[in-house]
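Subject: Structure handover

Hello,

I am passing on the structure we spoke about. Please open it and keep it beside this message while you read.

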Amino acid sequence: MRGGTTFRKVSLGLLVAAIVGLATLPMIQRYATDGGFVTNSTLFNFTQMFMLIIVASSWNLTGGFTGYVDFGHGVWFGIGAYGTGVLMSKLGWPFPVAVAGAVAITVLAALLLGGPILRLRGPYFSIAMLATFVAVREIIRIVKPITGGGIGLTLPPYLNRPLFFYITLILAVVVVAFTWWLRRTQFGLTLIAIREDEIGADMRGINTTLHKITVFGLSAAITGLVGALWAYQNTFIDPDIVFVDSRTMDVIIAVILGGLGTVAGPVIGAVVLFWARDIIWANFLQFHLIVQGIVLIAIVLWVPEGIVGTFSDRSGGTTLGRLMSKRKGEPSSDEAVGSPDDEPRTVSS
Amino acid sequence: MSGIRILDARSVTKRFGGLVAVDEVDIHVDQGEVLGLIGPNGSGKTTLFNCLTRVHNIDGGSIEFKGKDITSKKPYQVARMGLARTFQVIRVYGDLTIEENLVLSQQWGALPTHRSFTKAHRDLHDKAAEIAEFLLLSKHLRTKAGTLSGGQRRLLELGMTLMPDPDLILLDEATSGINPSLIETIKDRLAVLNNKGLTLLLVEHDIRFISDLCTRVIVLNYGRKLADGTPDEIKSDERVLEAYFGDDGSTDVE
Amino acid sequence: MDQLLQALVNGVMLGGFYAIMVLGFSIIWGVMGVINLAHGEFVMMGAYGAWILQESLGLDPLVSVFIVFPVMAAFGYAIQRLIINRIIERPHLISLLVTFGLASIISNVFKLLFTATPRSVEASIHGLWQVGPVTIPKTRSMILIAALIIMYSLHMFLKHTRLGKSIRAAAQNREAARIVGIEINKVYAITFAIAIGITAVAGVMVAPVQPVFPFMGPPLTLRAFAITALSGLGSIIGALFGGMLLGIIEVLLATFIPGIGTNVGIVSSFVILVIVLVVRPQGLFGGLKAATT
């Protein structure tokens with residue numbers, strides 16, 4: 001904590017300045033001659049970046065704080081998007097009501113699925129979520145009467161870039177502030193305790209199931225909200241553009257790049273990833289996902305602490321570093337309550 | 001043995017596949033006593049602990065705690081009833097500070113309330129500070145538990161069990177891998193606690209530790225109860241000596 | 001009744017493919033403790049191998065197998081040395097993230113090279129056998145036979161050769177294997193090479209009955225995970241029964257529930273997996289534990 005307070009004041013000041021600066025962008029577009037340097041595409045890009053920040057922060061609640069690394073997080077985005085899509089185009093609900101409905105549907109789905117899936121641990125949870133993602137995409141394809149199947153749905157067009165810019169900006173500030181606050185509450189501490197040692201937490205009186213399901217639903221709600229907004233902004237949805245495999249990977253890379261389990265990590269990671277990718281995207285469109293894969297491997301193998309971890313002096317290392325340095329046989333996974341040792345690894349016939 | 005029976009387990013049986021790890025064991029703990037549970041490695045001590053704290057579902061028998069049947073309760077419910085424990089392999093929340101570790105063990109994170117705004121929270125933090133002082137951990141209150149030494153983490157674990165004012169504490173090898181001076185500290189703290197009326201059940205390898213603290217000792221071997229008596233009776237029991245130093249050489253192979 | 005019989009036969013055929021497809025995944029997880037999320041991409045590479053060899057040299061998949069196996073085994077060896085070796089014996093999260101990245105790289109490289117257009121491969125043995133009321137597609141039965149042959153060979157290899165014994169020893173206890181003089185890193189590299197070779201062969205075998213495209217991998221990886229988790233890590237017989245079980249269930253669902261394609265097989269496999277893991281954490285064949293609370 002060397003020079004902690006000054007550093008904090010300076011970074012908080014910079015953060016506020018950055019938010020205020022960003023908030024003026026649509027004004028510049030509106031009042032400057034020819035929009036100044038701000039174009040609709042600038043606003044659109046920032047909106048996408050805010051969305052990535054929000055989703056990354058919500059993913060970090062389960063993956064970073066609670067230690068349940070979710071490989072299918074895009075499913076909540078997709079359900080949120082389809083929620084708005086169906087409610088608006090099939091039932092003709094107005095946008096705000098449809099968004100609320102979409103979030104409610106997402107939370108309901110998360111609570112229903114979370115019951116069984118959160119009983120799985122470690123890689124079993126991660127991969128069950130990946131399967132959920134793939135499965136929901138297929139289900140959306142199948143129930144054509146509701147979702148339009150592979151053809152997709154067209155939403156009432158509404159092109160107002162500044163509106164989406166402000167909604168997502170405010171949401172990003174609110175969500176990040178919320179995670180910052182949550183991390184400091186008893187609830188947040190409990191999530192960390194579950195990550196560090198779930199069995200121990202259970203045996204010390206913590207209702208781990210309740211906490212896991214709550215945070216899972218919360219994370220799904222936030223991501224579902226982003227999906228709901230995205231669908232309306234995009235005005236068209238189909239299974240392939242909503243349930244893109246790479247969306248979950250973007251989120252995971254953003255969080256790990258920034259620093260898993262930290263509040264600032266998802267924000268920094270999302271900003272860096274978004275602009276780095278924008279440069280790559282612009283120049284080598286077709287290599288984008290290949291580079292993304294290489295980046296993921298490189299971060300995991302060489303910079304597991306992420307940006308936040310590398311530039312701070314946190315004792316005891318960061319979450320990913322901790323989760324990674326943990327050997328499989330060590331406590332805080334299921335073994336070592338005294339029951340026989342490691343995962344049995346055998347080859348038999 | 002006088003006093004109220006605080007824990008009463010009858011014919012507890014636990015199987016893992018074909019192996020009977022705990023075989024019809026009767027065990028009871030009376031209010032205020034320090035009961036030792038010993039036995040060669042693999043004799044079922046930790047499994048019995050896990051059965052009592054509801055980590056394992058038992059395959060037979062019943063467990064009563066403070067007169068209530070807990071056979072089908074969840075581990076966290078049993079903990080909230082006042083049955084606390086430590087673990088053979090130390091379990092603390094490495095990324096949280098000592099203070100946070102202690103506070104969580106009482107508060108159970110039920111509500112997302114902000115730290116230290118309410119009186120209840122201030123009391124909780126005062127209590128955590130008090131317990132940390134009792135266990136000589138005061139100066140590490142803001143240190144992350146993951147950076148403590150093994151002995152300090154043992155003490156912290158003990159502190160975490162103390163936070164919710166339990167009626168019974170199960171200690172699983174509180175001295176293993178700890179340097180001798182800290183063992184004395186732990187022993188001393190346990191004696192103080194027992195004098196204040198806390199009931200303890202210890203699994204221990206250190207026989208001296210057991211005979212210094214315990215009023216009664218139970219010996220397990222191959223999942224069965226082999227003997228039950230005062231430390232002196234146990235020390236002179238033929239069957240116990242046979243189990244420990246007999247032909248199977250299982251004393252130090254897990 | 002006939003429909004049920006037909007569905008069962010189809011399920012067994014599909015199960016044959018799953019069994020051979022899952023073997024490599026199961027062995028890598030069992031021996032190295034690495035959960036390979038790029039598994040389906042190796043199947044995809046094998047399938048493209050069959051397509052390339054047919055387009056360029058006109059080879060039948062049954063012949064291509066003998067070219068694809070060594071090539072892909074060599075590729076697997078290289079990948080093991082380059083990447084996988086760094087993540088062995090480390091927590092699952094690392095292997096998941098790294099192989100997740102690897103999967104993205106492989107599938108997108110193939111998209112770049114061959115576009116996303118689905119390709120098809122012709123097998124010289126095709127057509128149908130009519131046995132009573134049941135029709136048996138010849139190509140699929142070839143896959144089943146090949147699966148059984150490969151499994152038997154692998155079984156004999158693990159059981160009777162020196163190298164096979166080293167692999168089993170390494171899986172049981174790494175330290176002990178090292179003490180008795182097994183070069184553990186070499187064993188790992190060879191194991192990975194063989195596993196990838198077999199996986200690619202599965203891809204060659206399936207190429208004639210399924211469209212070949214860069215993104216065919218993830219559903220296969222998910223099935224491989226489900227089957228392995230159900231049937232026990234590194235168990236050959238488990239892979240066979242797990243694969244059959246999943247194949248039969250998928251086909252039955254697709255046959256008797258209208259509107260459900262085999263694409264939903266993943267749903268069924270994971271519903272089964274979650275139920276089994278929650279009810280019986282050690283898996284069906286006792287190979288697994290500690291998956292749940």
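Below are the findings, starting with chain C and then moving to chains A and B. Please bear in mind that this is a predicted model.

Overall build of chain C

Chain C contains 11 helices and 2 strands. Read from the N terminus, its elements follow the order α-α-α-α-β-β-α-α-α-α-α-α-α. The radius of gyration of chain C is 19 Å, close to the 19 Å that the globule rule gives for 293 residues, so chain C is as compact as a globular protein of that length. Along the principal axes, its C-alpha atoms fill a box of roughly 60 × 50 × 35 Å. Of the 293 residues in chain C, 57% count as buried.

One residue to look up in this chain is C:L158, which lies in helix α5 (residues 138-160). Its relative accessibility is 6%, and because buried means under 20%, C:L158 counts as buried. Between C:L158 and C:Q54, which are 104 residues apart along the chain, the C-alpha atoms are separated by 32 Å.

Which residues make the nonpolar surface patch of about 540 Å²? They are C:M1, C:L4, C:L5, C:L8, C:F256 and C:I257. Helix α1 (residues 2-32) of chain C gives the most to this patch, with 3 residues. C:L5 is found in that helix, α1 of chain C. With a relative accessibility of 36%, C:L5 counts as partly exposed, since that class covers values between the 20% limit for buried and the 50% limit for exposed.

Aromatic rings

Over all chains, the structure holds 30 aromatic pairs. One of them is formed by C:Y48 and C:F114, and this pair is stacked, at 5.0 Å centre to centre with 20° between the planes. The pair links distant parts of the chain: C:Y48 is in helix α2 (residues 39-57) of chain C and C:F114 is in helix α4 (residues 92-114) of chain C, 66 residues apart. Both C:Y48 and C:F114 are buried.

In chain A, ring pairs link A:F46, A:F50, A:F165, A:Y166, A:F274 and A:W275 into a cluster.

Charges over rings

Two cases are listed here. A:R204 lies over the face of B:Y93, 5.5 Å from the ring centre. Within chain B, the charged end of B:K196 sits over the ring of B:F134, at 5.2 Å from its centre.

Backbone angles in chain B

Most residues other than glycine have a negative phi. B:E173 is not a glycine, yet its phi is positive, at about 50°. This residue is placed in the loop between β7 (168-172) and α6 (180-195) of chain B. B:Y222 is not a glycine either, and it has a positive phi of about 50°. The loop that holds B:Y222 runs between β9 (216-221) and β10 (224-229) of chain B.

Are these two residues buried or exposed? B:E173 has 7% relative accessibility and therefore counts as buried, whereas B:Y222, at 56%, counts as exposed.

That is the end of the list.

Regards

Definitions and conventions. Residues numbered from 1 in each chain as written. Chains lettered and ligands numbered in written order. Predicted model: local features only at pLDDT ≥ 70, side-chain atom pairs only at ≥ 80, totals over all residues. Heavy atoms only, no water. Patch = residues over 30% accessible without salt bridge, like charges linked within 9 Å, V, L, I, M, F, W, Y side chains within 5 Å. Areas by Shrake-Rupley, 256 points an atom, 1.4 Å probe, with all protein chains shown as cover. Salt bridge = Lys/Arg side-chain N within 4 Å of Asp/Glu carboxyl O. Helix = DSSP H or I, 4+ residues; strand = E, 2+ residues; numbered from the N terminus. Buried < 20%, exposed > 50% of the residue type's maximum accessible area, 1.4 Å probe, protein only. Phe/Tyr/Trp six-rings, centres within 6.5 Å; stacked < 30°, edge-to-face > 60°. Lys NZ or Arg CZ within 6 Å of the ring centre and 35° of its normal. Rg over C-alpha atoms; globule rule 2.2 N^0.38 Å.
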